[in-house]
Amino acid sequence: MTSRRSGGPALFGSAVVCALLALFGPALAGAEDRSFVLDNGLRVFLHEKRDLPLVHIATAFDVGSKNETDATSGLVHVLEHCILFRGSERRSGAEVSSDIRRHGAYFNANTGQDLSSFEISLPAEYAEFALRNQKDILFHLDLTQAELDDEKEIILEELNQMEDDPDRLAADLILQSLFPGHPYGRSVYGRREVIRAALVDDVLGFYRRYFVAENCAMAVVGDFATAEMENLIRTIFGPLPRTGLAPEPMPPAPPLKKGVSRRLERDVKDGYLFLGFVAPDYNHADQYAMTVLTEVLGRGVNPLLPALLRNERESLQTVNMAYLANGLGGAVIVSVRAAPKDLPYLERAALNHLKRAQNEAYSKKDFQGEAEFYAFDYLESAKNQIRFSAGRAEELGLQLAGALARYMLLNTRQGPHRFLDGIDRVDSSALRKAAAKYLAKGEAAVVTVVPIKGAK
């Protein structure tokens, strides 16, 4: 399989999978797991997974929309496309695609606020090809102005598609509204005028600064012998130079000082409501409680928020809740789909329910006497669902590799941190405290998307 031609930046993914696969330290604890750093600064994690004859390689760079300015907004997105599809110093884009197909590989990439990630998955017998291919396209990009101009047209069309998709558009606007004046307040899709005017020298200058070994982490998961894989990686990637890139100081995301609301008219039939709240970052101790709380309120087997809102308005179609934990700050986003006329009422109702989440009883232990016997244990149900999702997630080699690469770049804590251990420690009191701290204050970013007035 080959990559999607216009996958675009990744704002979310499954919130549970993203959190669970973070793994918070080499917590897989396999005897053959190996982590090391090359002399040029490239960080590597190897995890043998012999259930299928496949190898999955995820490579991430510590560069995303957070590293852009108004003058460069969108260049990371441009580079994602060019690296995947426009070739290297040795091979054209067509030759890269042909080689990928010939080896039965899947490859793709995404751009985020923190990182740019590239992945390839293929039969284990072609592991050396995959490593050499990734080195070639990631560290030896070659680009002409004509090739860049062709790719810009594809990216601009992708922007059009995003703006026509109420879910993607609203999610992007929510993140911009949650972090005004902060590096996270810049769209991961970029600015249309910057992309349209981009010159090849500017793009390659940005590329040469950030796409270097000391700014990179690679995770390899699959059917291989660890010692042999380490030797291959040292042989192939070891000669890459160290450029001396120093980490850029980045401020943590501040709390939202006051609520902000945006209303958009689009060619849609239903109404879309998005509520965003600043939440714990990737390394914050509260992220365990927020993961469980998100599962309880909006993601689990029997989530509270959809049930409460369905009692308010019959037009309600869907309610979803996601928790995105980035390195400098997190976001909780609630999305609602319903009749346009009901959105104002559902917005007030949702905000009120979320404010009251600080007073809810989530565990059987919150009840006394006979009431404990009949109470539904939201806490334990959510934990069980997270454990189940974690087990399934660790079976997905490519996602596991991506999460390990992400961990190596974003984690700032010392010592091992196994995610499920943190989940196990969450109690009902921790959920109430997280709800009070992040959801109850009322400072929310709100985006509504409604049909064009007067449209039939």
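Mentor: Terms come before anything else: helices and strands are DSSP runs, numbered from the N terminus. With that numbering, Phe45 lies in strand β2, which covers residues 43-48. Keep in mind that this is a predicted model.
Trainee: Okay, how many helices and strands are in the chain?
Mentor: The chain has 17 helices and 11 strands. Its radius of gyration is 23 Å, close to the 23 Å that the globule rule gives for 456 residues, so the chain is as compact as a globular protein of that length.
Trainee: What box do the C-alpha atoms fill?
Mentor: Roughly 70 × 55 × 40 Å, taken along the principal axes.
Trainee: Which part of the 456 residues is buried?
Mentor: Buried residues make up 57% of them. The chain exposes about 19700 Å². Carbon and sulfur atoms supply 50% of that area.
Trainee: And the contacts, what share comes from residues 24 or more positions apart?
Mentor: They account for 83% of the contacts with a separation of 6 or more.
Trainee: Switching to charge. How many positive and negative side chains are there?
Mentor: There are 53 positive and 60 negative side chains. The centres of the two sets lie 5 Å apart.
Trainee: Back to the prediction. What is the mean pLDDT?
Mentor: The mean for the chain is 90, and 91% of the residues reach 70 or more. Over residues 1-27, though, the pLDDT is below 50. That stretch still has 95 contacts in the model beyond near neighbours in sequence.
Trainee: What do I do with a stretch like that?
Mentor: Where pLDDT is low, the predicted coordinates should not be read in detail.
Trainee: Got it. Back to Phe45: buried or exposed?
Mentor: Buried. Phe45 has 4% relative accessibility, and the cut-off for buried is under 20%, so Phe45 counts as buried.
Trainee: How far is Phe45 from Ala405?
Mentor: They are 360 residues apart in sequence, and their C-alpha atoms are 7.6 Å apart in space.
Trainee: Where is Ser73?
Mentor: Ser73 sits in the loop between β3 (54-61) and α2 (75-85). Ser73 counts as buried, at 1% relative accessibility.
Trainee: Which residues is Ser73 in contact with?
Mentor: Leaving aside neighbours within four places in sequence, Ser73 contacts Glu68, Arg186, Ser187, Gly190, Arg191, Val194 and Ile195.
Trainee: Next, Glu360. Where is that?
Mentor: In the loop between α12 (343-356) and α13 (370-374). Glu360 is partly exposed, with a relative accessible area of 30%. Glu360 and Leu431 are 71 residues apart along the chain, with 8.9 Å between their C-alpha atoms.
Trainee: You mentioned α12. Where does Pro344 belong?
Mentor: Pro344 has its place in helix α12. At 43% relative accessibility, Pro344 counts as partly exposed.
Trainee: How far apart are Pro344 and Phe376?
Mentor: In sequence, 32 residues; in space, 31 Å from C-alpha to C-alpha.
Trainee: Last one, Gln414. Buried or exposed?
Mentor: Exposed. Gln414 has a relative accessible area of 71%, and the cut-off for exposed is over 50%. Gln414 is in the loop between α15 (397-410) and α16 (419-424).
Trainee: And how far is Gln414 from Tyr184?
Mentor: Their C-alpha atoms are 25 Å apart in space, and the two residues are 230 apart in sequence.

Note on methods. Residues numbered from 1 in each chain as written. Predicted model: local features only at pLDDT ≥ 70, side-chain atom pairs only at ≥ 80, totals over all residues. Heavy atoms only, no water. Helix = DSSP H or I, 4+ residues; strand = E, 2+ residues; numbered from the N terminus. Rg over C-alpha atoms; globule rule 2.2 N^0.38 Å. Buried < 20%, exposed > 50% of the residue type's maximum accessible area, 1.4 Å probe, protein only. Contact = heavy atoms within 4.5 Å. Areas by Shrake-Rupley, 256 points an atom, 1.4 Å probe, with all protein chains shown as cover. Lys, Arg positive; Asp, Glu negative; His and termini not counted. Charge placed at Lys NZ, Arg CZ, Asp CG, Glu CD. pLDDT = per-residue confidence, 0-100.
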